[in-house]
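Biologist: I am new to this structure and should like to understand the terms used to describe it. May I put some questions to you?

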Amino acid sequence: MNTDDAKIAWWWRGLGAWYNNQDFLFAMSCWANVLPTTHLVSSEQLIISLDTSTERTNQTNISRRLPTIYCPLALFLAGCYLDSEQYGKAQALLVQVVTSSKDSSDFNHFFSAIRECIASVEEDASCKKKWLISQKLVNFAIHSMGSSRLGWSDPLQRPGYIHPNITSKPIWKENEFPEWCNLLEENWKIIRDDLECILQKRWPAVGSGDHREGAGAHDGSVIESGDWQEFILFGAGSDSTNKYLCSATCQLIKQHIPDAVDLAEAGGGEIIFSKLSPKTRITPHCGTTNLRLTAHLGLIVPEKAGEGRCEIRIGSDQWISWREGKVIIFDDSYEHEVVNETSSPRCVLLLRFWHPNLPKCDRQISIENALKEKSRDQLSRCNPPIPLAGAKTVSHRGMEQSHCLCGQTGYESIRLDEVHQTFYCICSRTIN
């Protein structure tokens, strides 16, 4: 058995462990035998490892280049390492995939690996100033493949899903605000009365709990210190009790701001009361998509009085302070961070609404595409690549794009005959 045959044998052995025994750790160890051994890469070393501008780095990257056939497996295994918080192992593999796919102009693997690099940096709690590394990764990607193919043109705007035909800017001026902003400002004390009625109730942490499966499900991961809480009015996690307790606010929003309610119900972003506790810092991060804008209505804003800042930065270095009874609007697909250094909480009404530059006729299909891409990303984490021509049938079953006659679908329904290298459903029907 030559070297390549031995590697393919390990690949199949890993597939058997994955599908037949759900022994994911053993499967990962099998696949590690398929790929070249590399030194661990820290988040801070990612850019240095990817930089091929010097002769020394070029020589180093020769050993990291993968044959095209192994790129999908390296990308999948890197995802497994990310899910188990083994960031150094993940990043070492991702460097190989990025380098190899860049050299072969394999855009799909290149883009997927760059996105995983960004995720690995932003999920790595030990990484300091991770947002700066993410910016450099986007710059590297733009320089390597061009902004038109990537959809990225600004390293400060790097959402998970980006619509290509929306003219964007970080902050919107007052003369560009929708008409309903005046209505919010005129009724801000009524809205604050609703807020004060619920302040003593238990508020869940942002992004926490089973109720948060929508657009903000991972928002809590960006809290560096302190506490950030939410009371959901519309969208994932809202209920009739919340609407009853804040009936004046909900009625006003439903009647006059249907764009925000429509987006929340479509899964594109919630409408909440947002409470930032004293001494809280939210690290720089980007929202999930550029299909929307975000509005904040200041309701309880700490007096500075020498205690420190209570501000938000959107985009480059522009910091904005909230004012009670006033609205600010920004595009949260741009990098933003929040700080409350005072000894008092900051509370705002937070609404997300359809981006005004997105035609109404494109809204539904655009949000469906964004949610489908998110779902594909999640499902792809469970479906290892197969070294077999015609493997698309199995992939479609694993990605829940097809069903067996028995009704089963998804990767958990797949089994492997390791001897004949054929796949079948748990009901024993062949997958073909």
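Modeller: Let us begin with a definition: a disulfide is a pair of cysteine sulfur atoms within 2.5 Å. A search of the whole structure finds 0 disulfides. This is a predicted model, in which local features need pLDDT of at least 70 and side-chain atom pairs count only at pLDDT 80 or more, while totals for chains, interfaces and linings use all residues. Residues are numbered from 1 along each chain as its sequence is written, and side-chain values use heavy atoms, with hydrogens and water left out.

Biologist: What makes Cys 80 count as buried?

Modeller: Buried means under 20% relative accessible area, exposed means over 50%, and partly exposed is in between (1.4 Å probe, protein chains only). Cys 80 has a relative accessible area of 8% and is therefore buried. Cys 347, at 1% relative accessibility, is buried as well.

Biologist: Which residues have the most contacts inside the largest nonpolar core?

Modeller: A nonpolar core is a set of buried Ala, Val, Leu, Ile, Met, Phe, Trp, Tyr and Cys residues joined through side-chain atoms within 4.5 Å. The largest one here has 60 residues, and Trp 31, Trp 152 and Phe 423 have the most contacts inside it. Among the elements that each supply at least two of its residues are helix H1 (3–20), helix H2 (24–34), helix H5 (71–83) and strand E12 (414–417); helices (H or I, at least four residues) and strands (E, at least two) are DSSP runs, numbered from the N terminus. H5 gives the most, with 10 residues. A second, separate core has 33 residues, including Leu 195, Phe 234, Leu 297 and Leu 349.

Biologist: What is Trp 152 in contact with?

Modeller: Contact means heavy atoms within 4.5 Å. Leaving aside neighbours within four places in sequence, the contacts of Trp 152 include Phe 111, Ile 114, Val 138 and Pro 159.

Biologist: Why are the buried residues of H2 said to line one face of the helix?

Modeller: The buried residues of H2 are Ala 27, Met 28, Cys 30, Trp 31 and Val 34. Seen down the axis of H2, these buried residues fall within an arc of 160°, so they line one face; the arc is that of the directions from the helix axis to the C-beta atoms. The buried residues of H2 pack against H1 and H5.

Biologist: How do you know that the span of H1 agrees with its number of residues?

Modeller: The expected span of a helix is 1.5 Å times one less than its number of residues. For the 18 residues of H1 this should give 26 Å, and the end C-alpha atoms are 26 Å apart, so the values agree. The buried residues of H1 pack against H2, H5, E12 and strand E13 (422–425).

Biologist: Why is the pair of Trp 180 and Phe 353 called edge-to-face?

Modeller: Rings of Phe, Tyr and Trp (its six-membered ring) pair if their centres lie within 6.5 Å; planes under 30 degrees apart count as stacked, over 60 as edge-to-face and the rest as tilted. The structure holds 12 aromatic pairs. In one of these, Trp 11 and Tyr 70 have their centres 6.2 Å apart and 40° between the planes, and the pair is tilted. Trp 11 lies in helix H1 and Tyr 70 in the loop between helix H4 (55–62) and H5, so this pair ties together parts that are 59 residues apart in sequence. For Trp 180 and Phe 353, the centres are 5.0 Å apart and the planes stand at 90°, so that pair is edge-to-face.

Biologist: What makes Gln 22 partly exposed, and where does Gln 22 lie?

Modeller: Gln 22 has 35% relative accessibility and therefore counts as partly exposed. Gln 22 lies in the loop between H1 and H2, and has a positive phi of about 50° although it is not a glycine. Lys 129, in the loop between H7 and H8, also has a positive phi, near 55°. With a relative accessible area of 51%, Lys 129 is exposed.
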